[in-house]
Amino acid sequence: MTDVAAPRVRSRGAVLLLVTAIVVVALNQRPAVVAVAPLLGELRADTGLSSALAGLLTALPVLCFGAFAPLAPRLARRIGLETAVAASLVLLAAGIALRLLPPVALLYAGSLVAGAAIAIANVLMPAYVKREFTRPGAVMGAYSASLNVGAAAAAGLTVPIGAALGAEWRVALASWLVLAVAALALWLPVAGVRGTRTTPPEASSWSLLRQPLARQVTAYLGLQSVQFYSFAAWLPTLLADAGVPVREGGLLLAASNVTGALGALLIPAAAGRMAAQRPLVVGVLAAYAVGLGGLLLAPASGTLLWVAVFGVAQGGGFALALTLIVLRSPSPLVAARLGGVAQCLGYLVASTGPVVLGALHDATSGWTWPLVLLIALLAPMVWAGWGAARDAVLDPAGTRTASRED
């Protein structure tokens, strides 16, 4: 992967086809994870898994997002960025297919392989967009929105797909293999594959964290991810405890992903037109405060509004985090390095969120203090986002942040 490369000149049709390929790849980045949750009841009844082991099955891919993210830039340098993305799709398909096989151990192995594959694509796709598009904001919006659409589709369609096929949970879970194969079939002819290129020796990706700007981007991504995974894990239970029917709780969670897609589509396009993205940080944080505050004060009334506003904050906040990685990086290689570090630490921190909230709920026998904690975490998000959104770029080799502000 070259460190500096000019975007290629393409016809309008070729650009549209490339954006379509990027969108289809993005649609694959969440179903392998999200599709497990709707099937947990049937899965546990069939396999005899305990609640703890079933919880591990859903947490394992998120842990892989963090653990494998730093490997993505190295892989791209070794085999080429396009080839690395193609390899991630092959791995994803293999991970999903492993879940079809009877031994329970392969269920976990498939989740691990799929999580590793998604971690690679999570890091490399923003770097690819930065390299291929002069104005990456709108394309990052389409990419980020597609992540939400993929998650919503998996949450809402996995069980109906299984019912339509008259199949057991394994087949329903593996049905998303079709989407992974379709993405690979589209990616190969559109993006192609490229071998290793000669590039200058690079500093360690972790050395970027010596710069305050890199630490702020990482902190913003991590704190934003804590909000999402905590919300996704406990929202149906929180609403059920407030008197909202369980079925409605699941639908409300799906609704938050739908409104999240809207936020994810709009925020990056706006960010790309700004030198500094601080107004967007303030807007996202305000939406978080409204959504969480509403759930704290009136969880059983106005619920759809609180969840929808939180969804916009979540989708827009995550899209902004990915876009900041692109905008704060002077080149695609630095974007991949920063993405690997930020997602590694961010997802590892995010995986603790549901555990901490669950423990706090058990200790206090309610949801007031867990929600207060999430609201309190908005304060460091403001600090991290304010710094990450300033008009500056990272120094790829040293400790200096190249600021364009006075």
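**Notebook: S111 and its surroundings**

I started at S111, whose side chain makes a polar contact with the side chain of R99 at 3.1 Å. For polar contacts I count a pair of N or O atoms within 3.5 Å; within protein, one must be able to donate a hydrogen and the other to accept it, and residues adjacent in sequence count only if both atoms are side-chain atoms.

I am working on a predicted model, in which local features need pLDDT of at least 70, side-chain atom pairs count only at pLDDT 80 or more, and totals for chains, interfaces and linings use all residues. Residues are numbered from 1 along each chain as its sequence is written, and side-chain values use heavy atoms, with hydrogens and water left out.

I placed S111 in helix α7, residues 104-132. Helices (H or I, at least four residues) and strands (E, at least two) are DSSP runs numbered from the N terminus. S111 is buried, with a relative accessible area of 0%. My classes are buried under 20% relative accessible area, exposed over 50% and partly exposed in between (1.4 Å probe, protein chains only). Apart from neighbours within four places in sequence, S111 is in contact with L57, L60, P61 and R99, where contact means heavy atoms within 4.5 Å.

**L60**

L60 counts as buried at 15% relative accessibility. Not counting residues up to four places away in sequence, L60 touches Y108, S111 and L112. I also checked L60 against G263: they are 203 residues apart along the chain, and their C-alpha atoms are separated by 27 Å.

**R131**

I went back to helix α7 for R131. Its relative accessibility is 2%, so R131 counts as buried. I found a polar contact of 2.7 Å between the side chains of R131 and E132.

**Domains**

I looked up the domain assignment, which gives domain 1 (14-192) and domain 2 (205-395); such bounds come from an automatic or database assignment. Taken over C-alpha atoms, the centres of domain 1 and domain 2 are separated by 21 Å. I find 31 residues from domain 1 and 33 residues from domain 2 in the contact.

Between them, domain 1 and domain 2 bury about 2500 Å², with 75% of it on carbon and sulfur atoms. I take buried area as the accessible area (1.4 Å probe) that two parts lose on being put together, summed over both. On the domain 1 side, V62, K130 and N148 lose the most area to domain 2, together 21% of what that side buries.

**Nonpolar cores**

Which residues have the most contacts inside the largest nonpolar core? I noted I22, L124, W187 and Y220, in a core of 102 residues. A core here is a set of buried Ala, Val, Leu, Ile, Met, Phe, Trp, Tyr and Cys residues joined through side-chain atoms within 4.5 Å. At least three residues of this core come from each of domain 1 and domain 2.

I listed what Y220 is in contact with, leaving aside neighbours within four places in sequence: V284, L285, G317, L320, A321, L324, M381, A384 and G385. A second, separate core of 15 residues includes L43, L57, L107 and Y108.

**Aromatic pairs**

I find six aromatic pairs in the structure. Rings of Phe, Tyr and Trp (its six-membered ring) pair if their centres lie within 6.5 Å; planes under 30 degrees apart count as stacked, over 60 as edge-to-face and the rest as tilted. F228 and Y229 form an edge-to-face pair, 4.8 Å centre to centre with 75° between the planes. F228 counts as partly exposed at 23% relative accessibility, and Y229 counts as buried at 14%.

I also checked Y288 and F310: their ring centres are 5.3 Å apart and their planes are at 75°, so this pair is edge-to-face. Y288 lies in helix α13 (residues 278-297) and F310 in helix α14 (residues 303-327), so the pair ties together parts that are 22 residues apart in sequence. Y288 is buried at a relative accessible area of 0%, and F310 counts as buried at 1%. Ring pairs also link F65, F228, Y229 and Y347 into a cluster.

**S365**

Phi of S365 is near 55°, a positive value in a residue other than glycine. S365 is exposed, with a relative accessible area of 66%.
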